[in-house]
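I opened the model today to look up a few things about its strands, helices and salt bridges. The entries below are kept in the order in which I looked.

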Amino acid sequence: MSSRPTHYAIDFGTSNSLLAAACADRTFDPAPLDPDAPDPTVLRSIVCFPDEGGVHVGVEAIRQFVEHGGEARLLRSIKHHLGTRSFRGTVIRGRMLTAEELVAAVLRRMRERADAHYGVEVRRALLGRPVHFDGEDDAFAEARLRRAAELAGFEEVRFLPEPVAAARAFGAAAEREELALIGDFGGGTSDFTVLRVGPRALAREDVLAVGGVAVAGDALDASIMRDRVARHFGAEVLYRVPFGKNVLRMPQGIVQHLCSPAHLSILQRRDVASFLADVRRWSLSDEDRRRMDQLTVMVEETLGFQVFEAIERAKRELSGAARARVELSHPGIEVREPVTRAGFEKACRREVDAILACLDETVRRAGVAAEEIGAVCCTGGTARVPRLAEEIRRRFPAARMEQFKGFHSVVEGLAREAQAVARG
């Protein structure tokens, strides 16, 4: 009788999620969680709640959202909320769903589809987690993620830092003894590991340092939104309160929510929507009113997902071209905004500098010189941002630059750790 999975290895990401499996004897390839995706093993971390009922994830979530128009809620980047105490949840179909319940909706579908694929019922999970969650309270975020996994049907839940998991995947293929740096650039966090690798099993003492910062792909998308796109949705609108003398600009708190994929839904709150309607009436020019109308359409028809998809497409183009365009055409909304690589790099300088500062600090805490590192291996689309890639190469001139294949490095490393857990 062939061995069967006893543990699931879950890489629940801000943008994408994957699941592999293990037992004491072996690891299993990642499960096809989304049959409609270009790579069925990669499930986009998106969930849709149509008003008529049901819960949909991944590509199907996007399809259902389009089919139901404004009669559905589409949520992305929900991992962002785990570390934010002020975010308790959001109202879906007249009921408050907590952050844990939102994450559990995705994890439950992952478990159910994996059970069907592997032909088992698995209730033990090893989840990857960033070195530092986005938000102000790391322990609080992990506790929330644990509770979400339990709500999804898991009875035993363990965690492993995502960069350590990626390091396990890299170390498994090492052919020589050397120092390596692993960079894991996700949607919400950028994580690093410095470790010793060789043609042997990776031991815990081989990991010299780990580090992470809650700045990654979503933050870079937000920088494009803030610099080039948000003005199309009223970010720079000028208005005057009736009987007031001062000319006011759109409050920064509103602009911050507008520029965050995870927090854009806050603009749907009744008090915020009422304020925005007032700003539209008080606007000083026809152009400002037109842009406020575009914001109203985006908020009322929950088109934030489409806006940030257009931004992400342009960002990807800039990895290989000097110019791109953010384009979105929808009844009531017309955006055709050119962006340049130079402008993007200027807009996201603060975010890239924060990532690089974390990288430098991780190497410093490892107690090694940059010249001693023989291999640098990066995973995640953000690693392809030209300035970030150039700065990494400049810091490690003697190192081989390698790329993990696709999105699978973390989940493969988690599966190896899950196998070790299964062995006891």
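Which residues of strand 12 point one way, and which point the other way? Glu178, Ala180, Ile182 and Asp184 point one way, Leu179, Leu181, Gly183 and Phe185 point the other way, and all are buried. I take buried as under 20% relative accessible area, exposed as over 50% and partly exposed as in between, with a 1.4 Å probe and protein chains only. Helices (H or I, at least four residues) and strands (E, at least two) are DSSP runs, numbered from the N terminus.

Before going on I noted the source. This is a predicted model, in which local features need pLDDT of at least 70 and side-chain atom pairs count only at pLDDT 80 or more, while totals for chains, interfaces and linings use all residues. Residues are numbered from 1 along each chain as its sequence is written, and side-chain values use heavy atoms, with hydrogens and water left out.

**Entry 1: the sheet around strand 12**

I counted the burial of strand 12: eight of its eight residues are buried, so the strand is largely enclosed by the rest of the structure. Next I looked up its sheet. Five strands make an open sheet with mixed pairing, in the order 14-13-12-19-20. Strand 14 (207-213) and strand 20 are the edge strands, each pairing on one side only. From one strand to the next the twist averages 15°. Two strands pair if DSSP finds at least two bridges between them.

I then went through the pairs. Strand 12 and strand 13 run antiparallel and are joined by eight bridges. A hairpin of four residues connects strand 12 to strand 13, and Leu179 stands opposite Arg196 in strand 13. Strand 12 and strand 19 run parallel, with six bridges, and here Asp184 stands opposite Thr379. Strand 19 also pairs with strand 20, in the parallel sense, over four bridges. In that pairing Cys378 stands opposite Gln403 in strand 20.

Helix 11 lies across strand 12, strand 13 (190-197), strand 14 and strand 19, and runs at about 160° to strand 14. For such angles, axes are lines fitted to C-alpha atoms, for helices over the stretch in contact, and angles run from 0 to 180 degrees between N-to-C directions.

Helix 12 (residues 386-395) came next. Seven of its ten residues are buried, so helix 12 is largely enclosed by the rest of the structure. Among the buried ones are Leu388, Ala389 and Ile392. The buried residues of helix 12 pack against several elements, including strand 12 (178-185), helix 11 (349-366) and strand 19 (373-379). Contact means heavy atoms within 4.5 Å.

I checked one side-chain pair here. Arg387 and Asp353 meet in a salt bridge, at 2.8 Å from N to O. A salt bridge is a side-chain nitrogen of Lys or Arg within 4 Å of a carboxyl oxygen of Asp or Glu. Arg387 counts as buried at 18% relative accessibility, whereas Asp353 counts as partly exposed at 34%.

**Entry 2: helices 5 and 9**

How far apart are the axes of helix 5 and helix 9? They are 10 Å apart, and the helices pack at an angle of about 100°. That makes helix 5 roughly perpendicular to helix 9; angles of 65 to 115 degrees count as roughly perpendicular, under 35 as roughly parallel, over 145 as roughly antiparallel and the rest as oblique.

Among the residues that meet are Leu220, Asp221 and Ile224 in helix 5, and Phe308, Ile311 and Lys315 in helix 9.

Asp221 and Lys315 also form a salt bridge, with the closest N and O atoms 2.9 Å apart. Asp221 lies in helix 5 and Lys315 in helix 9, so the pair ties together parts that are 94 residues apart in sequence. Asp221 is buried at 1% relative accessibility, and Lys315 is buried at 11%.

**Entry 3: one more pair, and a histidine**

I noted a salt bridge between Glu337 and Arg231, with 3.0 Å between the closest N and O atoms. Glu337 is buried, with a relative accessible area of 6%. In total the structure holds 39 salt bridges.

Last, I looked up His81, which sits in the loop between strand 7 (72-76) and strand 8 (89-92). Is His81 buried or exposed? His81 counts as buried, at 5% relative accessibility. Leaving aside neighbours within four places in sequence, His81 is in contact with Phe87, Arg144, Ala262 and His263.
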